[in-house]
Amino acid sequence: SRLQSLSRDEADSLHAVGQIMEKMGNWKEALCYYSREFVGRDIDAIETARVHNAIGNILLEKADRVGDAVCNHRMAVQIQTQHGKSEALAKYRTDLVRALKVKGE
């Protein structure tokens with residue numbers, strides 16, 4: 001079957017549920033919701049950067065998948081950079097540096 005794009009509202013809803021799951025400590029469920037959201041987003045959208053960053057944080061903090069976390073944080077920084085400097089870009093860069101330190105780079 002083919003992947004189908006989601007409406008902005010559908011993708012935003014998946015992100016919101018992911019955040020709730022994360023706050024409840026259900027990081028595996030959160031990762032599932034963020035992954036579903038990611039598939040439905042435009043690859044270069046600001047929201048996609050947010051998803052990469054959220055996934056990167058979970059992979060780093062909960063799943064002990066440092067290499068994958070670094071990749072997601074790099075994508076978040078790269079996408080957000082295309083949209084100009086912002087508070088989000090500063091946060092994504094901070095999260096990337098933290099992940100790189102854990103990785104030993």
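Predicted model: local features only at pLDDT ≥ 70, side-chain atom pairs only at ≥ 80, totals over all residues.
**Exercise 1. The nonpolar core**

Task: How many residues does the largest nonpolar core have, and which element gives the largest share?

Solution: 
- Step 1. Count the members. The largest nonpolar core has 24 residues.
- Step 2. Pick out the best connected. Y34, I55 and V70 have the most contacts inside the core.
- Step 3. Two or more residues come from each of α1 (8–23), α2 (27–40), α3 (46–61), α4 (66–82) and α5 (87–103).
- Step 4. α3 provides the largest, with 7 residues.
- Step 5. In soluble globular proteins, nonpolar side chains tend to be buried together.
- Step 6. Leaving aside neighbours within four places in sequence, V70 is in contact with L96, A99, L100 and K103.

**Exercise 2. α4 against α5**

Task: Which term describes the relative direction of α4 and α5, and which residues make their contact?

Solution: 
- Step 1. Two packed helices are described by the angle between their axes and the distance between the axes.
- Step 2. Read them off. The axes of α4 and α5 are 9 Å apart, at an angle of about 155°.
- Step 3. Apply the cut-off. Angles over 145 degrees count as roughly antiparallel. α4 and α5 are therefore roughly antiparallel to each other.
- Step 4. The crossing of α4 past α5 is left-handed.
- Step 5. List the contact. α4 supplies V66, G67, V70, H73, R74, A76, V77, Q80 and T81. α5 supplies A88, L89, Y92, R93, D95, L96, A99, L100, V102 and K103.
- Step 6. Sort by class. The contact of α4 with α5 has 11 nonpolar, 4 polar and 4 charged residues.

**Exercise 3. α3 against α5**

Task: At roughly what angle do the axes of α3 and α5 cross, and how do the contact residues divide by class?

Solution: 
- Step 1. The axes of α3 and α5 come within 11 Å and cross at roughly 30°.
- Step 2. Angles under 35 degrees count as roughly parallel, and that makes α3 roughly parallel to α5.
- Step 3. The crossing of α3 and α5 is left-handed.
- Step 4. On the α3 side, the contact uses A49, R50, N53, N57, L60 and E61. On the α5 side, it uses K91, Y92, D95, R98, A99 and V102.
- Step 5. The residues of the contact of α3 with α5 divide into 5 nonpolar, 2 polar and 5 charged.

**Exercise 4. α1 against α2**

Task: Which residues of α1 and α2 meet?

Solution: 
- Step 1. α1 and α2 pack with axes 8 Å apart, at an angle of about 165°. That makes α1 roughly antiparallel to α2.
- Step 2. α1 passes α2 in a left-handed crossing.
- Step 3. From α1 come A11, L14, H15, V17, G18, Q19, M21 and E22. They meet W27, E29, A30, Y33, Y34, R36 and E37 of α2.
- Step 4. The residues of the contact of α1 with α2 divide into 8 nonpolar, 3 polar and 4 charged.

**Exercise 5. Two loop residues**

Task: Where are D64 and N26 found, and how accessible are D64 and N26?

Solution: 
- Step 1. D64 is in the loop between α3 and α4.
- Step 2. D64 has a relative accessible area of 64%, so D64 is exposed.
- Step 3. Check the backbone. D64 is not a glycine, yet its phi is positive, about 55°.
- Step 4. N26 is in the loop between α1 and α2. N26 counts as partly exposed, at 32% relative accessibility.

Notes:
Residues numbered from 1 in each chain as written. Heavy atoms only, no water. Core = buried A, V, L, I, M, F, W, Y, C linked by side-chain atoms within 4.5 Å. Buried < 20%, exposed > 50% of the residue type's maximum accessible area, 1.4 Å probe, protein only. Helix = DSSP H or I, 4+ residues; strand = E, 2+ residues; numbered from the N terminus. Contact = heavy atoms within 4.5 Å. Axes fitted to C-alpha atoms, helices over the stretch in contact; angles between N-to-C directions. Parallel < 35°, antiparallel > 145°, perpendicular 65-115°, else oblique. Left-handed = near helix turned anticlockwise from the far one by under 90°. Nonpolar A, V, L, I, M, F, W, Y, C, P; charged D, E, K, R; others polar.
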